[in-house]
Amino acid sequence: MLSYVLKRLLYTIPIALSVTLVSFMLVYLAPGDPLNAIAPADAPAEVVEALKAAYGLDQPIPVQYGKWLLRAVQGDLGKSIASGREVATEVLSAVSNTLVLAGVAGFAGVLLGCILGALAGYWHGSWIDRLATVLSVIGVSVPHYWLGLVLTIIFSTWLGWFPAMGAGPGGSAEWLWDLEHMRYLVLPALTLSVIPLGIITRTVRALVADMLEQEFVMALRARGLSHQAIFRHVAKNTAPTVLAVAGLQLGYLMGGSILVETVFAWPGTGFLLNTAIFQRDIPLLQGTILVLCLFFVALNLLVDILQPLIDPRMGRT
Amino acid sequence: MHVLPKQLSRWLLSVPVALAMHSGVMAETVARYGISMADIPLTTGQPDRGAGAYQFTGHTLYDPLVSWESNIGTRPGKLMPGLASEWKVDAKDNKKWVFKLRKGAKFHDGSEFKADAVIWNLDKVLNDKSPQFDAKQSAQVRPRIPSIASYTKVDDYTVEITTKAIDALFPYQLPWFLISSPAQWEKLGRDWNKFATQPSGTGPFKLDKLVPRERAELVKNATYWDKTRMAQTDRIVLIPIPDALTRSNALLSGQVDLIETPPPDVVPQLVSAGFKLVKNVTPHVWPYHFSTQPGSPWVDIRVRKAANLAIDRDGIVKLLNGLAVPAKGQLDSSSPWFGKPTFKLGYDVAAAKALMKQAGYSKEKLLKAKVIIAQGGTGQMLSLPMNEYIQQSLAEVGIQLEFEVVELETLYLHWRSGVKAEMNAGKGISAINLGYVTSDPFYGITRFVDSRYVAPNGVNWGGYNNPKVDAALDKVRTSFSPKVQDALLATVHQTMVDEALMLWVVHDVNPHVLSPKVKGFVQAQHWFQDLTTLKM
């Protein structure tokens with residue numbers, strides 16, 4: 001197992017390198033100019049040239065990338081061109097905010113998805129199945145942006161139950177896990193949870209329905225096992241796949257939903273990436289993407305480690 | 001005689017004291033302001049994010065040498081004494097300006113404002129060899145103070161600034177240049193990033209708290225030097241909410257007390273819910289800036305005039321739910337520099353068709369033109385619907401527009417580069433649609449028509465070159481009487497309109513929506529606003 005983990009960790013290096021290289025190139029391929037982050041729109045050519053020199057943007061792109069990479073491997077992600085703040089501080093603050101949101105949304109989505117999916121699979125073809133199918137289709141189809149706005153209009157502006165935006169009364173820096181702060185989490189988390197809810201419901205439903213047709217389940221039934229005992233066996237057999245799908249979903253959520261975070265002014269990675277992309281703030285963009293990439297890889301690794309622990313057959317293959 | 005026990009008397013005494021303290025705490029007035037930016041603008045002295053950012057972290061925390069009157073909404077503001085109590089040009093050498101500095105003004109850190117601070121701040125943005133030089137602040141303000149050649153301290157309360165050429169309009173550049181505290185910068189280890197979280201200026205507010213991208217809390221500076229401009233609210237919380245619908249929802253749900261730039265569609269709902277819509281003429285125009293280069297379809301003045309007559313501006317104002325006013329020229333007609341143009345912008349399709357016919361075009365022989373536009377963004381209003389409206393209107397008179405749609409940041413690049421640049425000329429682009437700030441003579445007029453500012457030296461994007469206009473602008477620069485300046489600028493603006501140099505569509509009204517709790521908000525006819533008037 002240890003050699004497997006080490007091998008996977010080694011794979012992280014080329015993945016991270018490729019991701020940063022591609023994102024660096026995309027910034028330059030896209031129209032626009034990194035200097036837009038700092039120069040006023042009508043800055044004369046002399047000011048623009050002076051700024052290019054000051055920020056090293058007058059150097060060839062491979063040199064710029066090489067320098068960034070050299071600093072990054074030493075743990076220095078540089079400073080944001082637009083704000084001058086440390087990229088590491090900016091990204092960590094955004095990641096921690098997204099972790100709160102994605103954690104709650106992911107947990108709710110996966111938990112409810114498992115329950116709904118299991119019920120639908122167990123009572124395959126019943127009204128519960130049809131209801132779960134409808135809900136899961138809505139979950140994967142409904143546009144996030146629209147749902148967030150509708151929820152805000154209903155529960156915030158009409159009913160006044162939850163705040164319309166923000167990450168707490170004093171901002172995310174003063175976040176506490178109390179009722180006052182968690183009220184701010186309800187609408188964005190609910191909005192964000194519908195996609196994992198839909199996907200997990202569909203996955204679990206299909207797996208459970210399929211599993212119940214398997215011969216070993218017939219054998220268990222023939223041996224007179226109770227429904228609960230049979231369900232435990234089915235759950236154990238479906239868990240590795242569900243875990244893999246849930247890991248991927250959490251990874252996507254960690255990337256932050258640009259639209260959901262914008263609708264709710266939630267200061268997470270999506271919000272940060274949005275700003276960095278529009279301002280062509282290369283250090284901020286690179287730092288955020290690198291950290292998210294590492295998160296994604298780490299999550300997948302964790303899933304790969306957990307899967308054989310649940311199902312030893314996977315370890316043998 | 002009964003004597004109260006000592007403990008009891010202390011307790012009785014403490015009650016009113018505690019109540020007074022409590023009421024003092026309770027009495028703190030707080031205004032929560034949902035702003036349209038994605039982040040709090042720079043707090044080190046020179047705000048980034050354009051002219052609209054000065055009202056938030058510029059003129060709140062800092063003061064300029066020469067201020068702009070921003071607490072009046074019934075007429076355009078004017079230059080006012082700031083940290084310089086008076087200024088005048090040297091009678092013998094018109095390039096030299098002498099500024100007498102205000103005595104008794106103090107920075108938030110307690111250090112005194114003197115001539116050394118002015119020189120230190122000029123070095124901060126103009127002298128890249130100085131230790132306090134800050135490339136980011138420099139980038140923001142250098143384009144706005146292009147006339148400064150050198151500067152020197154005369155005594156503790158007098159500085160002299162020399163301009164590159166005689167420039168009578170130089171004082172208009174100074175409201176953009178703000179003074180940070182040298183003592184605070186030294187105290188914080190000469191680190192501008194630390195300064196950003198603990199800034200010190202001489203302004204009517206101090207920064208109490210900064211959470212990047214989430215909030216900035218400004219508190220009243222009780223010892224502010226200008227007693228006529230004391231903050232009426234104890235605390236202003238600036239909350240960046242870039243999405244317009246989210247801003248409206250935050251207002252409707254009571255999370256903020258006022259917002260800027262509501263979405264036009266939501267305004268009726270906000271007003272019917274008891275919120276107050278405040279708008280005013282703002283120095284901002286939404287135009288098509290034409291190329292006047294040979295080969296451009298807009299070279300013929302008849303075509304330019306036809307385009308200006310083919311647009312139903314009232315219809316566009318309706319499209320914006322009233323959040324704009326029809327343009328009569330580059331400037332609003334209330335501007336002292338508007339003049340008396342003979343060409344009247346209006347909606348006259350028959351006249352437009354006649355002009356197009358004279359120019360040799362018709363519905364059968366269409367004039368084709370490519371315009372670069374942004375898909376949206378600050379100052380662009382409802383870019384796509386408005387452009388589509390214009391496209392349909394111009395098609396009626398035989399002008400077929402093709403759009404090159406880009407992000408606003410990309411549009412800026414095309415703008416700075418000028419029409420002759422390969423990125424424009426190579427694609428056949430002959431007009432650009434970009435919202436322009438028109439707050440002072442340079443921003444409103446000079447930069448677009450002076451042949452010395454033809455891109456890439458400036459933003460005379462279309463390459464307009466008129467020796468008469470250049471000569472008039474030279475006269476403006478050497479005339480120190482405001483009346484003469486206004487008259488000359490009016491003639492230049494008249495020429496712009498009479499030559500239909502651009503297709504002017506509407507002026508922004510910089511709308512704000514306020515909760516009924518908000519009193520005293522005055523919307524100046526400028527991008528500079530004075531938040532000291534806010535009262536809760």
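## A walk around chain B

Start by selecting strand β5 (residues 96–101) of chain B together with β7(B): the two run antiparallel and are joined by five bridges. Strands here are DSSP runs of E, at least two residues long, numbered from the N terminus, and two strands pair if DSSP finds at least two bridges between them.

Before you go on, know that this is a predicted model, in which local features need pLDDT of at least 70, side-chain atom pairs count only at pLDDT 80 or more, and totals for chains, interfaces and linings use all residues. Residues are numbered from 1 along each chain as its sequence is written, while chains are lettered from A and ligands numbered from 1 in the order in which they are written.

Now pick Lys100(B); opposite it in β7(B) stands Thr158(B).

Two residues separate β6(B) from β7(B) in a hairpin. Click Lys153(B) and you'll find Val159(B) of β7(B) opposite.

Stay on β7 (residues 158–163) of chain B and colour its two faces: Val159(B), Ile161(B) and Thr163(B) are on the covered one, Thr158(B), Glu160(B) and Thr162(B) on the uncovered one. In a regular strand, side chains alternate between the two faces of the sheet.

Last stop: Pro76(B), in the loop between β2 (66–68) and β3 (79–81) of chain B.

Note on methods: Buried ≥ 20, exposed ≤ 12 C-beta atoms within 10 Å, placed from the backbone. Helix = DSSP H or I, 4+ residues; strand = E, 2+ residues; numbered from the N terminus.
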